[in-house]
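I opened this structure for a first look. These are my notes, in the order I took them.

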Amino acid sequence: MTTAPESQSQGGSQLGNFAAGLLASSLCAAFLNLGMSAFDHPGAFRFFPALFLPLALTLGIFAGAYLLLWGVATLPLRRLGASSASIAVALGTFSSLLALLWPVVAVLRREVAWKSGLVLLALVALTLLTASLAALLLSDRWRGRPWVRSRAAALILAAPLGAALALLLAWCLAYPLSASNAAARLLVSGAFALIGAGTISALLMLSARLPVLRILAGLFLLVIASPVLEGFPNHGANPPPSSVEDDRPQIVVLITVDTLRLDFVEGERAEPTPAVDSLLADSVVFENARSAAPWTKPSVATLLTGLSPLVHRANSIGVGLPEEVKTVAEYMRGAGYHTVGIGLNEHLDPSFNFHQGFELYQFPARGDYGLSFGSMLLSRLRPNRYPDLFVSTEGIADVAVDWVRSNRDKHFFLWMHILDPHWPYWPPPAFAPPTREDTSIDDFWGDWETVTNVQAGNLKLSDGDKNRVRELYRAEIRYADSNIRRLLDALKELDLYDGALIAFSSDHGEEFWEHGHYEHGHSLFDEVLRVPLAFKLPGSRFKTRIGAPVSTESLTPTLVDLLGLETQAHGFSSPSLQGYWNPEVDPDPPEALFANGTYHYGEKIMVLLRGRWKYVVEADTGRRDLYDLLDDPGELQSLASSRQEVVAEADTLLAKRIASSDGLRRALRIEDLPTVQLSEKLRARLRALGYAGSDQ
Ligand SMILES: [Zn+2]
């Protein structure tokens, strides 16, 4: 064994150790702290402001803590005989422990998936081991044995850095960098380089003569190089072989816009939406489509599976999509397509199992910077600037466009879900309607308490206020449209648009006091249920408009049918729609349309008979309403008592539907609902979207 020299001048070495300790520990602690946050909510860190600001603040916090600790601890530790290197190491270890502590506690407070639990345990064990070694190093036992000390010091300095590297590596493997934007890619690569350099310096500086450490350094270099290289787009050079059959389109795109009410996009009262219009002009358009549920979770669950909310039952806040159902992404993946989901909406969080079948599932939370100290400080420091830092629709479109550009040579299925017309309405200035004198609603409509007060009748809105709310909603639609334009333009520019199969829809509409309510989830009136539904076929082979009443429940069955994919034996709750436009295919119109899954004010179920009779039952009270949509499209007068023969017919169909849904559940072996333990954060984010109270 060689002995490391200890011949530096005392002052120089102290300053050097202090600086090295400051740099290494604050970098290391900041990356560990942010890395843990990234594990908890990776999507939030894919966007520049969400990564850079918390990182800078976290670094500052740990540098400050280190300075403070150095000032307080140096004298007593020196009295105990510790060298400045030992003090730097001990303080660095302490910082790392601190960096891990908060995210670990926060994550362990709720149910942790076993994998992330193992990672956490390993990290805690590693940090504790490091701390113990540091304590040992400071003890009398090793004083006077410099080779032991220098080697141990090197390992101790390198261990937390190694942990940070491993964390970043795992993150990059789980969330391929090629899908992120350039800034985030640069930051992560920079992080690798910095921590890697720190690790190597720690190893070489303190024990340069030990070859084993050089080998270790080489290994770390490999670790650094692999994800960084992976991160840079290498498309075109060597695309992976695809198993997609030749006659299938190269790409399939599903665009869904949250809360997009049909009559605000099409018809006399529509907002100008040039991008959507251009897509619809190339498509088969269903003018009379209804969503299967009036709020996001059950409706999107149905859109993605072709199964009724009565089958998947992802109908309440705490419930996820059952593992047993097969999503459109799983069908696509089975056919050899790469699958990617990019969007925003807390109800579609991976904890609710909506990522089934997606190789890459990017659903970051709004305004969420994770659990890092810097993130939390940021949210305290800039509460009013928070909206500016939200992952915007533009950010979502950025990721989608970037992904398309990097994967243009592959066969892929891309789902982009735009949240923006959803409350709160905060259109960017370029889309905001001109300010108006007769209302000040802009100032407080973003506050959910105001909305609930209006809902409860405690606060009355003037007609001017209500018009303004509609105006803001319309502005958000224009903003969403401009971002759909960006995706369509990218597809056209890359020559992918023409051959693509593109489906377009929404999960539900929005009420604006037509029946006394605002928002959605309360009722099954047409302002909530009627949504756009369109299919742009490869080569726009058919372009037509179809007036028959259909359900968004048919979206996945139609895609699966168009691609000729093998379905499961039990099929779907709704038929494919291809027969409506393709003369070579027999039409298969459904017997009736159904919708259910109300979130507020109890469960309601709708039956739509022959496109004319709309029957709604309230499950709790047994109240029945029947509307004749031909004579009364506004659903203002219930005919339930006068048209009892229609009610009886609808009841029979409903009973049949419930029985067939139960049969489908049995065939799919769906048993217990996967109830999700909501974290405080997710709960808070759902509250921020207006889903207050319910914890079921
Ligand atoms: Zn929604």
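**Entry 1: a strand pair.** I started with strands β14 (residues 604-609) and β15 (residues 613-618). Six bridges join β14 to β15, and the two run antiparallel. I looked for a facing pair and found K604 opposite E618 in β15. I note here that the model is predicted.

**Entry 2: the other side of β14.** I then turned to strand β13 (residues 592-596). Five bridges link β13 with β14, again antiparallel. Here L593 stands opposite L608 in β14.

**Entry 3: the whole sheet.** In what order do the strands of this open sheet lie? I read it as β13-β14-β15-β16, four strands with antiparallel pairing. β13 and β16 (624-628) are at the edges, and each has a single partner strand, so one side of each has no neighbour in the sheet.

Entry 4: Five of the five are buried, so β13 is largely enclosed by the rest of the structure. I checked the side-chain directions too. A592, F594 and N596 point one way from β13. L593 and A595 point the other way. All of them are buried.

**Entry 5: a helix on the sheet.** I found helix α19 (residues 644-668), which lies across β13, β14, β15 and β16. It runs at about 115 degrees to β14.

**Entry 6: one residue elsewhere.** Next I picked E527. It lies in helix α17 (residues 526-529). Why does E527 count as buried? I found 23 other C-beta atoms within 10 Å of E527, and the cut-off for buried is 20 or more. I listed its contacts, leaving out residues up to four places away in sequence. E527 touches R261, G509, E510, E511 and E514. I also looked up P294. E527 and P294 are 233 residues apart in sequence, yet 9.6 Å apart in space, C-alpha to C-alpha.

**Entry 7: the chain as a whole.** I finished with the totals. The chain has 20 helices and 16 strands. Of its 696 residues, 49% count as buried. Residues 24 or more positions apart account for 74% of them.

Key:
Residues numbered from 1 in each chain as written. Predicted model: local features only at pLDDT ≥ 70, side-chain atom pairs only at ≥ 80, totals over all residues. Buried ≥ 20, exposed ≤ 12 C-beta atoms within 10 Å, placed from the backbone. Contact = placed C-beta atoms within 7 Å. Pairing = 2+ DSSP bridges. Axes fitted to C-alpha atoms, helices over the stretch in contact; angles between N-to-C directions.
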